Amino acid sequence: MQVAHGGSTVTGVSTPPPARDRILETASRLFYAEGIHAVGVDRIVTEAGVTRATFYRHFPGKEELIRSYLVGRDAALREGAAKVLASGATGAEGVLLVVERLGAKMRREGFRGCPFINAAAEYPDPAHPVSVAIAAHRAWLLGLFTELLRGGGWPDPRATAEHLVLLRDGAMVGAALGDPVAVARRLTAAVAGVLSAAGRT
């Protein structure tokens, strides 16, 4: 019998994922759950089951691992947004589909807010590579809302998109600190209100 695991297929034997994948998966889990500065390289290599030499063969240092963690989170969110865009939904419909996906994330067990907002709290220097990765993600998010609104013929899509990003940011923090089900519901209502006030529903 062939068993596929971690990108490898071995007859009758399950093989672990490649070392780099194990390191990144472990770091991503720990960084999100406990914070970036709170988790050291020793903890990561121990839980990933690799040596420090293996770690540094794949990542020059912790900063590169952090950047890779954020790039991975960004890629996953872009993949989800691509499904909304591929559906052809634009305007209010497209925006509300994105908000629905955000609400689903908030309701998941272990939700601790937006990984980019969390990381920004630990890296205040805007010139730091981690901050640059955060800024790139936020620019993409603003662009996503703007594109959806422009596709629906929205007046001043950029200004409305900026309001939506503010609502999203507040909801991500609020859901991490309070009742995520209630926050997700209120986010949907607030977004609908902004869209209505902007002149299109």
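## Terms and basis

A salt bridge here is a side-chain nitrogen of Lys or Arg within 4 Å of a carboxyl oxygen of Asp or Glu. The model is predicted: local features need pLDDT of at least 70, side-chain atom pairs count only at pLDDT 80 or more, and totals for chains, interfaces and linings use all residues. Residues are numbered from 1 along each chain as its sequence is written, and side-chain values use heavy atoms, with hydrogens and water left out.

## Confidence

Mean pLDDT (the predictor's confidence in each residue, from 0 to 100) is 91 for the protein. Of its residues, 91% reach 70 or more. Residues 1-10 stay under 50. For that stretch the model has 20 contacts beyond four places in sequence, a contact being heavy atoms within 4.5 Å. Where pLDDT is low, predicted coordinates should not be read in detail.

## Overall architecture

The protein has nine helices and two strands. These are DSSP runs, numbered from the N terminus: helices are H or I with at least four residues, strands E with at least two. From the N terminus, the order is β-β-α-α-α-α-α-α-α-α-α. Along the principal axes, the C-alpha atoms fill a box of roughly 60 × 45 × 30 Å.

Domain 1 covers 18-60 and domain 2 covers 70-199. The bounds come from an automatic or database domain assignment. Over C-alpha atoms, the domain centres are 28 Å apart. Seven residues of domain 1 and ten residues of domain 2 make the contact.

The two domains bury about 730 Å² between them, 50% of it on carbon and sulfur atoms. Buried area is the accessible area (1.4 Å probe) that two parts lose on being put together, summed over both. In domain 1, Tyr32, Ile36 and His37 lose the most area to domain 2. Together they account for 83% of what that side buries.

The structure as a whole holds nine. Glutamate 47 lies in helix H2 (residues 41-48) and arginine 29 in helix H1 (residues 19-34), 18 residues apart.
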